Amino acid sequence: MPLETPARIVRALVGRGYNAEREAVTLIAGSDDPGRTLARVVEAVPDDALRITADHVREVLASAPAADPPGTESTGSAAADAAVSDTAAAPDPPVSAATSRDDADHTAQSAPAEAKGGPAGRNVDPSLRSLEIANDMTGQSTGTGEYGDFVKVFRDRYEKLSKMLRGRVNHRPAKAISNMSGGEDAELIGLVDDVRSTKSGHWIIDLEDTTGTFPCLVMKDKDIAGYVDELLMDECIAVQGTLSGDAGILFVDSLHFPDVPRSHRQNTADRDVQAALISDVHVGSQEFMADAWNRFADWLHTEEAERIEYLLIAGDMVEGVGVYPNQDEELDVIDIYEQYEAFSEHLKSVPGDLDIVMIPGNHDAVRLAEPQPGFDDELRGIMSAHDARITSNPSMVTLEGVNVLMYHGVSLDEVIAELPADKASYDEPHKAMYQLLKKRHVAPQFGGHTRLAPEELDYLVMEDVPDIFHTGHVHKLGWGKYHNVLAVNSGCWQAQTDFQKSVNIDPDAGYAPIVDLDTLNMTVRKFS
């Protein structure tokens, strides 16, 4: 079995107990006899080396021996092929045809992309790849829980979101509106402080800005009355209307969310490249689906998957400890550090030349309050396989010019609980994601189910519109497009637990959404 692809070289090295720099893999793949070069590199590296570097390979290539006589077999190549045979000779996994799921507005683009010639993918020089991370707050936490911290984060939220709305309304501060005469037109931007109904079935929304609070009345017979059902506490909206005769209340004629502009145009890659989006692996649980994971990892080594160069994991690498009642009865690995060690071993089975990005989730060993910083140095040391990029939850990850907002998704529970079923449900988690896009905030409601940390900045605001919004957490598969943003909830790798049965969660497990970054079309692969 010749070592003609970087993926096979990486698997051969992993089979011999080594990790490798990407440049080292590229140098081996580009040599005249990759198998022979690999064997000589392994033989030449120091006994205490666990990582093959580019310098190791250059030293071997610089001291290359004379070629073997014609008719003789390269012992180095044979040895390397033998190393591969144990790790790469398994048959291709049984993978279903790509599935599709359209939302009610038929806006999802889930059809498989057309073939674009031969596979290019991971055979390209890794230096051609482009991966950048923004909004990473790891190491930037300043909150102490003091009153002033809460003032800062809500003031920052208001400033960022109101800026998005000022082009649509001629905002006047709440204090200024309270001094206006009755019957005048007024426009206000504020955070939702309270929503309550009147005896007549109308709605009063108290909006708060940096100067005070002002009541706004939405009549039940207005077209905008349906928007009231979508409101969450502490989100930012704008209203336009007319003051009552005594100027004590604003009769609302129109209501605006920060929202994604309908004119938003997607960024796309300028070459044929794909990303796999997964979440909620839950290693350490008795219900972790190791067989499905292994089929996924094996498939990533096939020619069919060679265009996949990025793997994005949106939280919950492990099952964790003490996350829910009686969780210890469902654990296969009870020590949290051993859970991460087991996860790292499973991560080694995917191709080593993938660029991997990981954010934490609510089962991971980081603080529960969002934004969650990336894993600490000790856990990073354990999860060192393939040099994965670890960042905070949430983070904006830019792949080949495509902006991917990664957020684990705890606030989806709250959105689904608070909003009508036609607006948000577990069966269609992408619709709950649409609501977050509309509000331009991944966790707008403070003091509810989602724990939020007060920081100087509100890292949860969607200042920039993503091209892809990737979440997990709810263990349900769903995707669709909202104003040209691809929203994907990627399911999980954990079969139903007893706790999930008790709360009627039937997980979508063993799925891997695959996105073409040059078109933002998506297919879904099933491995369970």
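A residue is called buried if its relative accessible area is under 20%, exposed if over 50%, and partly exposed in between (1.4 Å probe, protein chains only). The model is predicted: local features need pLDDT of at least 70, side-chain atom pairs count only at pLDDT 80 or more, and totals for chains, interfaces and linings use all residues. Residues are numbered from 1 along each chain as its sequence is written, and side-chain values use heavy atoms, with hydrogens and water left out.

**View 1. Cys236 in strand S7.** Cys236 lies in strand S7 (residues 236–243); strands (E, at least two residues) are DSSP runs, as are helices (H or I, at least four), numbered from the N terminus. With a relative accessible area of 0%, Cys236 is buried. Its contacts (heavy atoms within 4.5 Å) beyond four places in sequence are Tyr158, Leu161, Ser162, Leu165, Ile189, Gly190, Leu191 and Pro258. A distance of 9.1 Å separates the C-alpha atoms of Cys236 and Glu208, 28 residues apart along the chain.

**View 2. Asn489 in strand S17.** Strand S17 (residues 485–490) contains Asn489, which is buried at a relative accessible area of 0%. The side chains of Asn489 and Thr471 form a polar contact of 2.8 Å (a pair of N or O atoms within 3.5 Å; within protein, one must be able to donate a hydrogen and the other to accept it, and residues adjacent in sequence count only if both atoms are side-chain atoms). The Asn489 side chain also reaches the backbone oxygen of Gly472 at 2.8 Å.

**View 3. An open sheet of 6 strands.** The strand order is S12-S11-S10-S9-S18-S19, with mixed pairing; two strands pair if DSSP finds at least two bridges between them. Strands S12 (389–390) and S19 (522–526) are the edges, each pairing on one side only. Strands S9 (residues 274–278) and S10 (residues 308–314) pair in the parallel sense over 5 bridges, and Tyr310 in S10 is the bridge partner of Ala275.
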